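Student: I've never looked at this one before. Can we go through it together, and can I keep asking how you know things?

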Amino acid sequence: MKIAVMSCIHGNYEALNAVLSDIDRQKADRIFCLGDLVGYGPHPNAVVEMIRSMDIPTVQGCWDEDIVEGLNACECSYPSILAEKRGKAAHEWTNDQIQPEVREYLAQLPLSLREENLCFVHGSPHNQHEYLMPEINAFTALERVMATGADVLFCGHTHIPYVRTLDAGQLAVKVQQPEGTSTKQFTAPLKQIINAGSVGEPRHGRPNATYVIYDTDDKLTTLREVEYDYQLTCQAIIDKGLPAIFAWRLAQGLEYAERAEDPTHVCER
Amino acid sequence: MWAIASGIEGNLAAYEAVVADLKKSRQEVENFYLLGDIIGPTAESNRLVKRIQQPRNGEPIPLVCQGWWEEQILILHTLGRTGEPTELIDRYGIDMTKTLWDAIDSTTLKWVQSLEFGFAELDCFLIHGSSVDVSDELTPTTDPIQMLDKLSRMEANQLFCGRSGLAFEYKIESGSLTSQVQTLDTLSAPTPTVLSPRRIVGVGSVGRIEGKASYTLYYPGSNKLEFKTVRYGAKKGFG
Amino acid sequence: MDRHPIYLVTGPCGSGKTTWIHQQLITSTEPSAYICLGADATPIDLTYLTATCPHVKPISAGASWTQLAEIQPLYVEVAPQLDLASLQLPVSIESCQRIAIVPKGLIESEYHDWATQTLISEVTEKNATLTASPRWGLTGEVLDPASLNVFWDELIQGAYGSVARAKGIFEIVDGRSFYFSFGIGYPDLTYFELPLPPGLTGRPTRFSGLEVVGDKLQAQVIMETLQDCGLDDNALAYYQDQIRSQLSTELPAEVLI
């Protein structure tokens with residue numbers, strides 16, 4: 001079975017449409033979404049309505065949570081005052097635009113989904129705000145997958161798609177207590193972290209949307225990059241009164257506002 | 001030599017026994033760590049805190065960090081990191097909220113607020129639970145990959161903790177893992193990660209078991225550990 | 001007494017006049033003087049030259065600079081808006097060395113006719129301009145360095161209009177002052193700390209600002225973005241206090257500012 005996993009649409013309806021068309025062409029059997037449906041982009045309500053109408057199983061992203069809770073994301077996620085101000089402007093605009101039923105939908109989204117040996121989260125199993133970057137310590141990455149009990153962990157949040165395969169994991173442990181000593185060997189079967197990238201706010205240097213297709217039969221993953229008319233999104237950003245710099249940054253394949261570089265940053269809120 | 005203790009839980013006699021035991025040692029105590037749970041749901045906690053704040057001549061000055069009971073009293077006074085004392089009620093029942101509230105006076109509360117969360121010294125991290133949560137109970141049966149994660153978060157080779165109240169040395173002697181990353185534009189070669197030895201040490205509990213205080217000595221020069229048990233009180237002579 | 005040379009240096013905006021003057025000054029240790037003539041006088045150039053070349057004396061345009069010319073070399077940057085033919089000088093123009101910095105591709109011009117020496121810069125003709133370039137005064141603003149980096153990258157990559165030349169002096173939160181320079185045809189992007197004493201007591205009074213040569217520049221947006229990069233009073237007071245505390249534990253007391 002082929003499953004398509006997408007993430008971080010961020011109100012970019014044009015990109016979402018393009019991805020859904022591509023998923024159709026790829027003949028995926030199921031679709032999952034890893035959250036951040038809204039935030040920064042010009043069509044938050046349309047994006048949510050599309051996801052809802054297609055009944056796509058979705059987890060709650062950090063931006064979705066912020067819109068529900070009325071918060072402004074954790075300040076420590078922004079590495080600069082400028083990024084923080086842009087993030088706040090985007091939050092206020094999105095908060096203002098969101099329709100009540102859309103907010104209710106975002107509020108009831110689960111933090112994770114499980115499908116046999118596959119687990120779906122936004123950031124990490126521990127926190128919606130934690131970035132699982134491809135270069136984090138291999139054992140840390142292994143812990144994140146194993147914490148779910150699954151073999152494959154799908155995540156988003158970083159906006160750069162990747163597949164990380166962790167294999168041949170072993171640990172030798174010796175425990176000494178006043179009452180005696182014991183040793184144990186721990187081995188881990190093959191595990192994977194698959195990051196779905198971002199549909200609506202790319203960070204890989206090109207404005208195209210990204211998502212992944214995973215084949216549950218042969219366990220192979222395809223990273224998909226989909227071109228779309230991003231200028232339409234850029235124009236909508238300007239027409240709807242979002243900061244014009246977002247339009248420029250999208251066209252460059254840059255995130256709207258930079259994120260923290262700390263890969264395992266966990267919000268202390 | 002470091003002396004590391006935890007879980008006094010307001011037991012002043014147990015604390016005195018440990019301090020007396022340290023005095024008997026011929027080696028100077030360079031650092032004396034108290035890793036949380038200094039207080040417990042007893043008024044004796046207030047006397048204990050005063051005693052800790054006023055070490056006598058020749059006694060090492062304790063370095064104290066917050067523990068689970070300290071976090072609970074802060075929560076009750078809406079000074080904690082979470083809003084509700086859910087965990088306190090789940091473990092001890094609703095009546096414990098009043099017991100704890102009545103036991104701890106305002107001077108002790110103020111002292112609790114001033115405590116560190118943990119200590120980093122050499123390649124060691126010393127904390128009550130873990131850097132993730134003060135409630136994190138690391139034990140001899142905790143999954144190795146979890147233990148490794150707690151160490152990695154603090155970039156430490158050694159983690160000293162006290163939440164479980166148990167004395168143990170959990171040594172990860174070796175480890176290896178292969179990682180390969182595929183991105184849109186690249187596919188890396190499989191890269192091995194090899195672990196150097198590291199460990200988590202449960203430092204025991206001073207006051208949890210009446211009449212028997214346990215704590216830990218650590219020798220940074222030789223990297224050796226010594227688990228100590230001190231008996232005190234009326235039953236001392238009967239072992 | 002021998003007269004020291006007077007160098008008159010002119011050319012279009014963005015052609016590299018200040019860069020050339022700086023190159024002459026930085027390689028010399030003898031006291032020199034610098035003056036900028038024209039309504040175009042930019043404190044950025046003045047601040048940059050005097051901070052990096054301590055042996056250079058800046059002179060304001062109204063001062064009696066001819067007497068100084070008797071005792072030291074004098075570099076006079078002439079803004080392109082001034083009419084070279086009717087340049088008012090207290091000495092005869094024939095006694096001055098007249099340098100024109102012209103962009104590549106400019107073969108004939110009033111500069112060529114006027115100068116005793118014409119130097120071709122790396123800047124192309126389309127990236128230099130005769131019109132005054134927009135500038136933004138930022139004196140008193142203290143910027144967050146991470147924000148400044150983002151803004152600067154956006155600026156030189158064209159987010160706010162097409163930029164041929166940009167230079168700025170910015171104060172950042174740890175009290176240091178930085179000079180940023182970018183120009184098409186120039187060597188790599190330059191930024192470095194100016195050798196000035198750290199400013200850690202309130203808002204700085206020394207000059208900071210930005211000047212840009214370009215096309216379709218969004219002046220208002222540039223100003224607003226720069227303001228968004230700045231710290232408010234509370235944040236500034238907090239960080240300056242932190243830094244002063246940190247310095248007081250690191251340095252001997254007599255070195256404290």
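Student: Into which domains is chain C divided?

Tutor: Chain C is divided into domain 1 (6–127) and domain 2 (135–250). Keep in mind that this is a predicted model. The C-alpha centres of domain 1 and domain 2 of chain C lie 26 Å apart.

Student: What makes you say that residues of domain 1 of chain C are in contact with residues of domain 2 of chain C?

Tutor: Two residues are in contact if their C-beta atoms lie within 7 Å. By that test, 13 residues of domain 1 of chain C are in contact with 18 residues of domain 2 of chain C.

Student: Which element gives the largest share of the side of domain 1 of chain C that touches domain 2 of chain C?

Tutor: That's α2(C), with six residues. Both α2 (43–52) and β6 (117–124) of chain C supply at least two residues of that side. By class, this side of domain 1 of chain C has six nonpolar, six polar and one charged residues.

Student: And what about chain A and chain C: how many residues are in contact there?

Tutor: Nine residues of chain A are in contact with 10 residues of chain C. On the chain A side, α4 (81–97) and α8 (244–252) each give two or more residues, and α4(A) has the largest share, four residues. Sorted by class, the chain A side has six nonpolar, one polar and two charged residues.

Student: Why do you say that the buried residues of α2(B) line one face of the helix?

Tutor: Start with which ones they are: B:Ser45, B:Asn46, B:Leu48 and B:Val49 are the buried residues of helix α2 (residues 44–53) of chain B. A residue is called buried if 20 or more other C-beta atoms lie within 10 Å of its own. Looking down the axis of α2(B), you find its buried residues within an arc of 160°, so they line one face of the helix. An α-helix has 3.6 residues a turn, so residues three or four places apart point the same way.

Student: What covers the buried residues of α2(B)?

Tutor: The cover includes α1 (12–24), α5 (95–103) and α6 (106–113) of chain B.

Student: Which residues have the most contacts inside the largest nonpolar core?

Tutor: They are A:Val5, A:Leu34, A:Phe154, B:Ile4, B:Val18 and B:Leu35, in a core of 192 residues. This core also draws at least three residues from each of domain 1 and domain 2 of chain C. Take B:Val18: leaving aside residues up to four places away in sequence, B:Val18 touches B:Ala5, B:Val206, B:Ala213, B:Tyr215 and B:Val230.

Methods: Residues numbered from 1 in each chain as written. Chains lettered and ligands numbered in written order. Predicted model: local features only at pLDDT ≥ 70, side-chain atom pairs only at ≥ 80, totals over all residues. Nonpolar A, V, L, I, M, F, W, Y, C, P; charged D, E, K, R; others polar. Core = buried A, V, L, I, M, F, W, Y, C linked by C-beta atoms within 7 Å. Buried ≥ 20, exposed ≤ 12 C-beta atoms within 10 Å, placed from the backbone. Domains from an automatic or database assignment. Arc of directions from axis to C-beta.
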